[in-house]
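Here's a quick briefing to keep beside the model while you look around. Have the sequence and the 3D view open, and follow along.

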Amino acid sequence: MICPYCNANMEKGYLQSGRPAFWGEKKKKLFFHPDDEGDIAVTKGIWNGSFADAWVCRKCGKMIVDLTIE
Ligand SMILES: [Zn+2]
């Protein structure tokens, strides 16, 4: 994949964490789980790590992640 910001080649890998990651418009304070008010699950998996396909550009520091929108 070519970086849409600087046109350098991006490297494919995985966004990975020991816990599921999600996107939300506002920062959570206590319960770090996606809710139904527009939050989006980013990584999949709970017990053996949580992953999402991701491309990174080391030149300009951007990451592109495949989201699973259901
Ligand atoms: Zn770039």
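Leaving out neighbours within four places in sequence, Asp39 is in contact with Phe22, Trp23, Gly24 and Pro34 (contact here means C-beta atoms, placed from the backbone, within 7 Å). Keep in mind that this is a predicted model: local features need pLDDT of at least 70, side-chain atom pairs count only at pLDDT 80 or more, and totals for chains, interfaces and linings use all residues. Residue numbers start from 1 along each chain as its sequence is written.

**Around Asp39**

- You'll find Asp39 in the loop between strand E2 (22–23) and strand E3 (40–41); strands (E, at least two residues) and helices (H or I, at least four) are DSSP runs, numbered from the N terminus.
- Asp39 counts as partly exposed because 15 other C-beta atoms lie within 10 Å (20 or more would be buried, 12 or fewer exposed, and partly exposed is in between, with C-beta atoms placed from the backbone).
- Asp39 and Lys62 sit 23 residues apart in sequence, and their C-alpha atoms are 21 Å apart in space.

**The sheet**

- Three strands make an open sheet, 3 strands in the order E1-E4-E5 with antiparallel pairing (two strands pair if DSSP finds at least two bridges between them).
- Its edge strands are E1 (11–17) and E5 (62–65), each of which pairs on one side only.
- On average, neighbouring strands of this sheet are turned by 40 degrees against each other, direction ignored (axes are lines fitted to C-alpha atoms, for helices over the stretch in contact, and angles run from 0 to 180 degrees between N-to-C directions).
- As background, strands of a sheet pair through backbone hydrogen bonds, either parallel or antiparallel.

**Who faces whom**

- E1 pairs with E4 (residues 50–57) in the antiparallel sense over 7 bridges.
- Glu11 stands opposite Val56 in E4, while the bridge partner of Lys12 in E4 is Trp55.
- Trp55 also has a bridge partner in E5, namely Ile64.
- E4 and E5 run antiparallel, joined by 4 bridges.
- These two, E4 and E5, form a hairpin with 4 residues between them, and Gly61 in the turn has a positive phi of about 75 degrees.

**Leu15 on strand E1**

- Leu15 belongs to strand E1, and is partly exposed because 18 other C-beta atoms lie within 10 Å.
- Setting aside residues up to four places away in sequence, Leu15 touches Ala21, Val42, Thr43, Phe51, Ala52, Ala54 and Val65.
- Leu15 and Ile64 are 49 residues apart in sequence but 9.6 Å apart in space, C-alpha to C-alpha.

Technical notes
Two residues are in contact if their C-beta atoms, placed from the backbone, lie within 7 Å.
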